[in-house]
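Thanks, everyone. Could you bring the model up on the screen? I'll go through it piece by piece.

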Amino acid sequence: MLATIRRSSVISLFALAQAVSPLALAAVPAKYKPDAVAPSTPDTVERGFISYQTPPILHVKDGSTVLINTVSHGGLTEDPVAFFAKADIPAKDVLPDAIAIAKATKAGKWASDAGFGGHVLTGPIYIDGAEPGDLLEVRILKVTPRTYYGVNGVGPGGVAPKVLTERDQKVIKFDTKRGVMLFAKGVEPKMRPFMGIMAVAPSPEVGKVGSRAPGPFGGNMDFRRLTAGSTLYLPVFNKGALFVTGDSHAGQGDGEVSGNANESSMAPLLQFIVHKGEGKAMHFPWAEDAENYYILGMDPVLDKAADSAVTETIHWLHDKKGMSLSDAYHLCSVGVDFSVSQAVDQNLIIYGAIPKATFTKKTPYWATAAAPKAKKG
Ligand SMILES: [Zn+2]
């Protein structure tokens, strides 16, 4: 066993094994057998904030794969069974983890953190050897739904706040076999499961932060490209990196315009790899998948987020591909797509997608070399 459990002495290995739903385990290919499992119980999650002071729930070695159970805040009212019953979801299909976390919330477990937000975050996971200034590579091997439903909220908010006067919560079921959301009869958007929040703890100088606004530490990026087969790169600010994740989505469009996605509980299987000293010059996380490099820029004002993304992309091309700043700016204009990751999370994100096909010299990528082919939905 590569992992040791810290935070709560009541978690036995037996409980850990029980904490993973059969659905999650069945969907993980044998070659991706996790080295460790992180459960999502009231003792292994926090609600609404990220802090370097939260004691780790797991210690893992550099290179470990970890299956992390998460619980969505979607439908996590005082009584999730009653909430989902209104959408004809039987009590047996509501995650016991969700019920336990709802109870703990009602009992005041996170009362002193009120105002930070409602996200449920599993972790932190301590990665041995990670230190401030390092780069944490997070390979997203698999993102497995723990249920067959999620929730999207709309109302007088989000990007178009004047359209509606009332709030509406829509439970959206999905068909994991066909990879589609059953939105309405004849309307079946593709599932694109990913974690809305993946983060390391911000530095002690920054301190405890609310989970809503993303930042250099990652966080609530709501970046829909981070599906299975992608890789996220985060700068490390604390010993052990202190990784947390949550806010999983069965599907979300660029922009996340209503303020949330199809909020649904997932169990991501992630691999953590530490690169010594490579995080020092990073301003923001960046990512890649088989098709593209993704360079993120952030700012509370959308225009400035665009400036940030273009500036970061120019410097990335300069640093990683050896281009002059002027050539990099040319390339951004003629061959890079800039899109909105999310326009609703206080610190807004624009990202540049640089097609890997741009470069005639091919660089090997783990997901194309080793991973099983992604199922087409
Ligand atoms: Zn979300």
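Predicted model: local features only at pLDDT ≥ 70, side-chain atom pairs only at ≥ 80, totals over all residues.

Helix α5 passes helix α6 in a right-handed crossing. Residues are numbered from 1 along each chain as its sequence is written.

Back to the helices. α5 covers residues 302–321 and α6 covers residues 325–335. Helices are DSSP runs of H or I, at least four residues, and strands are runs of E, at least two, numbered from the N terminus. The axes of α5 and α6 come within 8 Å and cross at roughly 125 degrees. Axes are lines fitted to C-alpha atoms, for helices over the stretch in contact, and angles run from 0 to 180 degrees between N-to-C directions. α5 and α6 are therefore oblique to each other. For the cut-offs, under 35 degrees is roughly parallel, over 145 roughly antiparallel, 65 to 115 roughly perpendicular, and the rest oblique.

Which residues in α5 meet α6? They are Val310, Thr313, Ile314, Leu317 and His318. Across from them, in α6, are Leu325, Ala328, Tyr329, Leu331 and Cys332. By class, the contact of α5 with α6 has eight nonpolar, two polar and no charged residues. Contact requires C-beta atoms, placed from the backbone, within 7 Å. Nonpolar covers Ala, Val, Leu, Ile, Met, Phe, Trp, Tyr, Cys and Pro; charged covers Asp, Glu, Lys and Arg; the others, Gly among them, are polar.

Now follow α5 to the sheet. α5 lies across β18 (286–288), β19, β20 and β21. It runs at about 140 degrees to β19.

Next, the sheet itself. Nine strands form an open sheet, in the order β2-β6-β17-β8-β15-β18-β19-β21-β20, with mixed pairing. Two strands pair if DSSP finds at least two bridges between them. β2 (36–38) and β20 stand at the edges, each with a single partner strand, so one side of each is left without a neighbour in the sheet. Neighbouring strands of this sheet are turned by 25 degrees against each other on average, direction ignored.

Look at β21, residues 348–355. Six of its eight residues are buried, so β21 is largely enclosed by the rest of the structure. Buried means 20 or more other C-beta atoms within 10 Å of the residue's own; 12 or fewer is exposed, in between is partly exposed, and the C-beta atoms are placed from the backbone. Strand β19 (residues 292–299) runs antiparallel to β21, joined by eight bridges. There, Met298 stands opposite Ile349. β20, residues 337–342, also pairs with β21 in the antiparallel sense, over five bridges. Val340 faces Ile350 across that pairing as its opposite residue. Asp337 has Ala353 in β21 as its bridge partner.

β20 and β21 form a hairpin, with five residues between them. What is the phi of Gln346 in that turn? It is positive, about 70 degrees. Most residues other than glycine have a negative phi, and most peptide bonds are trans. Gln346 is partly exposed, with 13 other C-beta atoms within 10 Å.

Leu242 has a positive phi too, near 60 degrees. Leu242 sits in the loop between β15 (231–235) and β16. Is Leu242 buried or exposed? With 27 C-beta neighbours inside 10 Å, Leu242 is buried.

On to β7, residues 120–127. Eight of its eight residues are buried, so β7 is largely enclosed by the rest of the structure. β3 (residues 45–47) pairs with β7 antiparallel over three bridges, and Glu46 has Leu121 as bridge partner. β5 (residues 58–60) runs parallel to β7, also with three bridges, and His59 stands opposite Tyr126. β16 (residues 243–249) is antiparallel to β7, over three bridges. Leu121 stands opposite Gly246 in β16. Pro124 is in β7, and the peptide bond from Gly123 to Pro124 is cis, with omega near 0 degrees.

Last stop, Asn260. Asn260 lies in the loop between β16 and β17 (266–275). Asn260 is buried, with 26 other C-beta atoms within 10 Å. Leaving out residues up to four places away in sequence, Asn260 touches Asn152 and Gly153. Asn260 and Asp345 are 85 residues apart in sequence and 9.3 Å apart in space, C-alpha to C-alpha.

Conventions: Left-handed = near helix turned anticlockwise from the far one by under 90°. Contact = placed C-beta atoms within 7 Å.
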